[in-house]
Amino acid sequence: MNREIPSAWTDASRIFRLEWIVPLLRRFGPLLALLLMSGALAVLSPHFLTFENVLNVFRQSAVNALLALGQLLVIITAGIDLSVGSVLGFCCVLVALLLKTGVPTSIAIVTTLGVGIALGMTNGLLLTKLRLPHPFIPTLGMMNVARGLALVLSGGFPISELPEDFRFWGAGTLGGIPMPVIVVLVVYALFHLFLTHTTVGRDIYAIGGNKQAALLAGIPVDRRLITVYAMSGGLASLGAIILAGRMNSGFPLAGVGAELDAIAAVIIGGASFFGGVGTVWGTLVGALIMGVLRNGLNLLDVSAYWQTTVIGVVIVIAVWVDVLRQRALERRRVFRR
């Protein structure tokens with residue numbers, strides 16, 4: 001016998017179980033965390049909210065934001081790209097070498113972007129054409145290859161004294177706003193449109209949601225995956241151009257461990273390791289959280305060793321929250337059946 005439950009009771013039950021708060025936290029949780037963290041640091045350090053320091057946080061977060069954006073595309077497809085930090089280091093050395101040998105700045109930048117895209121595309125080809133069981137394997141190999149090439153090309157030493165017009169992309173300003181910040185905002189806006197308003201963007205979400213269903217729906221999964229990894233490599237090379245310009249050198253060890261910061265930014269920003277979920281602006285907030293955290297720890301004179309420990313704890317907590325979220329979604333699906 002079916003008994004109808006009064007709507008008032010249903011509403012009361014939903015309020016009691018706080019179901020309404022879950023989607024709200026999923027949407028605005030990262031932004032709320034960023035505001036709370038910034039407020040706490042403003043109380044603990046009088047230097048945190050100064051104009052110069054805020055600009056510094058944005059400037060220093062730019063490279064991680066670009067790496068995180070590439071990582072977001074990969075993670076939406078339920079993959080991972082461990083090579084972005086090493087591709088960043090290799091492209092730093094490459095662009096510095098090109099400039100030091102007299103190559104014009106525009107050609108050096110385009111060549112570096114092309115090489116970054118090619119390295120990312122190689123990851124995608126290895127994953128799809130060799131039918132490797134997990135993206136962990138080709139990207140781990142590329143991580144070592146790219147870092148090794150960076151050390152071979154540079155001899156292990158930084159390549160410094162780069163042209164002034166190139167340094168503008170990392171250290172210059174436009175209307176008082178640092179160029180890295182402008183580049184990040186433009187790139188993020190373009191990728192937001194790409195993911196939400198194009199067929200390829202929707203295909204990327206579909207692949208992460210259910211790869212087999214995407215295949216049955218006629219989506220060219222392999223081609224899309226190659227595109228995603230190529231974009232990740234291209235964004236890493238763009239980050240390298242900004243970093244080399246800011247540091248005025250191509251440092252072969254640049255980007256060591258950067259892949260972990262990028263992954264943390266993506267997960268903190270609301271994406272799921274299980275694929276199919278994630279937004280561009282959430283990832284930007286995640287990258288800012290990582291930047292504010294590092295900046296705040298520096299202002300509070302926390303040692304570099306403890307900073308690494310804190311970042312590691314943040315990554316574990318972010319992944320744990322993602323796992324809890326995924327379990328809650330699974331339980332909800334079971335009850336609906």
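In which loop does R131 lie? R131 is found in the loop that runs between α5 (105–129) and α6 (136–154); helices here are DSSP runs of H or I with at least four residues, strands are runs of E with at least two, and both are numbered from the N terminus. The structure is a predicted model, in which local features need pLDDT of at least 70 and side-chain atom pairs count only at pLDDT 80 or more, while totals for chains, interfaces and linings use all residues. Residues are numbered from 1 along each chain as its sequence is written, and side-chain values use heavy atoms, with hydrogens and water left out.

Most residues other than glycine have a negative phi, and most peptide bonds are trans. R131, which is not glycine, has a positive phi near 55 degrees. With a relative accessibility of 56%, R131 counts as exposed (buried means under 20% relative accessible area, exposed over 50%, and partly exposed in between, with a 1.4 Å probe and protein chains only). D301 is another residue other than glycine with a positive phi, near 60 degrees. D301 belongs to the loop between α13 and α14, and its relative accessibility of 69% makes it exposed. A positive phi, near 60 degrees, is also found at N248, the residue that follows α11.

Two helices were compared with their expected span, defined as 1.5 Å times one less than the number of residues. In α11, 27 residues reach 39 Å from the first C-alpha to the last, close to the 39 Å expected. Of these 27 residues, 22 are buried, so α11 is largely enclosed by the rest of the structure. Helix α8 (residues 179–197) has 19 residues and covers 27 Å between its first and last C-alpha, close to the 27 Å expected. The buried residues of α8 include M179, P180, V181, V183 and V184, and also V187, Y188, F191, F194 and L195.

Salt bridges were assigned where a side-chain nitrogen of Lys or Arg lies within 4 Å of a carboxyl oxygen of Asp or Glu. The count comes to four. In one of them, the side chains of E164 and R167 meet at 3.4 Å, N to O. An α-helix has 3.6 residues a turn, so residues three or four places apart point the same way. E164 and R167 are three residues apart in helix α7 (residues 164–171), and are therefore separated by about one helical turn. E164 is exposed, at 58% relative accessibility, whereas R167 is partly exposed, at 27%.

A salt bridge also joins R224 to D203, with 2.9 Å between the closest N and O atoms. Because R224 lies in helix α11 and D203 in helix α9 (residues 199–209), the pair ties together parts that are 21 residues apart in sequence. R224 and D203 are both buried. D261 and R294 form a further salt bridge, in which the closest N and O atoms are 2.9 Å apart. This pair links distant parts of the chain, with D261 in helix α12 and R294 in helix α13, 33 residues apart. D261 counts as buried at 13% relative accessibility, and R294 as partly exposed at 31%.

A pocket is an open set of points on a 1 Å grid over the protein atoms alone, where a 1.4 Å probe fits, with protein on both sides within 12 Å along at least five of seven lines; lining residues have an atom within 4 Å of a point. The volume is the space filled by probe spheres set on the points, which are joined across faces, edges and corners. The largest pocket holds about 700 Å³ of space. Two or more lining residues come from each of α3 (51–76), α11 (221–247), α12 (258–268), α13 (280–299) and α14 (304–336). The most are given by α13, with six residues.

Cysteine pairs were tested for disulfides, defined as two cysteine sulfur atoms within 2.5 Å. The count is zero. C91 is in no disulfide, and the nearest cysteine sulfur, that of C92, is 7.8 Å away. C91 is buried at 0% relative accessibility, and C92 is buried with a relative accessible area of 1%.
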